[in-house]
Amino acid sequence: MTAQIIATLLPVFLIAGCGTLYGRFRTPDIRSLNTLNMEIFVPMLVFAVLADRQAPLAEYAGLALAAAVVVLGSGLVLWPVVKLLKLEPKTFLPPMMFNNSGNMGIPLLVLAFGEAALPAAVVLFIVEMLLHFSVGLYILSPRTPLWRLLRMPIVLASIAGLGFNLGGVPLPGWLLEALHMLGGVCIPLMLFALGVRMLDIDFGDWKTGLLGALLCPLSGLILAVPMILWLELTGLQAASLWVFAALPPAVLNYLVAEQYKQEPHKVASLVLIGNLGSLVVMPIVLALVFMHVYPGAS
């Protein structure tokens, strides 16, 4: 199982490394690249995942609620820490709240628990994405009016995708395939851009990165356990929430920080060190899950 986890995580660092190597010899326009990703490829991925009727969203209401509490609650739990250590909340809290549920969470859950985990993985991804591009953007820019948030391509894609899924409206297979192909561009592109940005990181902030690598999974797990007990989640749903709660910061945190000019260098450090830390955290969490939460998967 440890070998499977490493095999899942290594592509993340390999793609980011390619970006770093390319950026050392060239000067790519990362801001334009990120804008293209935010306005085209990410919205297409979000819509394709949400609109696909193979994701039985109505059956996972409890899991979705628990995921929302984990995401939002992590910010509340870590707020006293931010104040105590005099950290910038807009820089530190979003990466702690919004985790890597897409390019790491989905493949990791499928590798750990098989194809049966795919619906749960999709639901968790949906919850994290919707909160990231609503609450997450409000955190970075509180004066942004709601109507402007609703005009964002990612938010519109989320609403449209949910409408197609919950309304039972089928999409042609060829259209879904095209959307998935175009949307699939966003994940490696985000990782590549992160790798380029790593060249500008001030490693004088490595202590903050290590702190984030510890607090991100810890705050999530602290909230996941009572939610599992309260909502009586069992089996695969409980196991999926455990893994979701322990995931490192999402690469999208860097993308958003770049767009809003919210110390993207520090956010990139939090993301990279947090994902490196998952090489230690995830094997421990999965071992606990296999022993106590979902022994049938081991």
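Reader: What is a cavity in this predicted model, and which residues lie nearest the centre of the largest cavity?

Author: A cavity is a set of grid points where a 1.4 Å probe fits but cannot get out, and its lining residues have an atom within 4 Å of a point. The model is predicted. In the largest cavity the lining is made of 16 residues. Those nearest its centre are Gly102, Asn103, Phe125, Met190 and Leu252.

Reader: How many cavities of 30 Å³ or more are there, and what is the volume of the largest cavity?

Author: The count at 30 Å³ or more comes to 7 cavities. For the largest cavity, the volume is about 120 Å³.

Reader: Which helices each supply at least two residues of the lining of the largest cavity, and how many of its lining residues are charged?

Author: Helices α2 (30–51), α5, α6 and α10 (186–197) each supply at least two residues of that lining. By class, the lining of the largest cavity has 10 nonpolar and 5 polar residues, and the charged class has 1.

Reader: Which helix gives the most to the lining of the second largest cavity?

Author: The second largest cavity holds about 80 Å³ of space. Its lining has 13 residues, with Pro94, Leu140, Asn253, Val256 and Ala257 nearest the centre; 7 residues of the lining are nonpolar, 5 polar and 1 charged. At least two residues come from each of α4 (89–97), α6 and α13 (252–260). With 4 residues, the helix that gives the most is α4.

Reader: Is Asn275 buried or exposed?

Author: Asn275 is in helix α14. Buried means under 20% relative accessible area. The relative accessibility of Asn275 is 2%, so this residue counts as buried.

Reader: Which residues is Asn275 in contact with, leaving aside its neighbours within four places in sequence?

Author: Asn275 and Pro249 are 26 residues apart in sequence, yet their C-alpha atoms are 6.9 Å apart in space. Pro249 is one of the contacts of Asn275 once neighbours within four places in sequence are left aside.

How values were computed
Residues numbered from 1 in each chain as written. Predicted model: local features only at pLDDT ≥ 70, side-chain atom pairs only at ≥ 80, totals over all residues. Heavy atoms only, no water. 1 Å grid on protein atoms, 1.4 Å probe; cavity = no way out; pocket = protein on both sides within 12 Å on 5 of 7 lines; lining within 4 Å. Points joined across faces, edges and corners; volume = space filled by probe spheres on them. Nonpolar A, V, L, I, M, F, W, Y, C, P; charged D, E, K, R; others polar. Buried < 20%, exposed > 50% of the residue type's maximum accessible area, 1.4 Å probe, protein only. Contact = heavy atoms within 4.5 Å.
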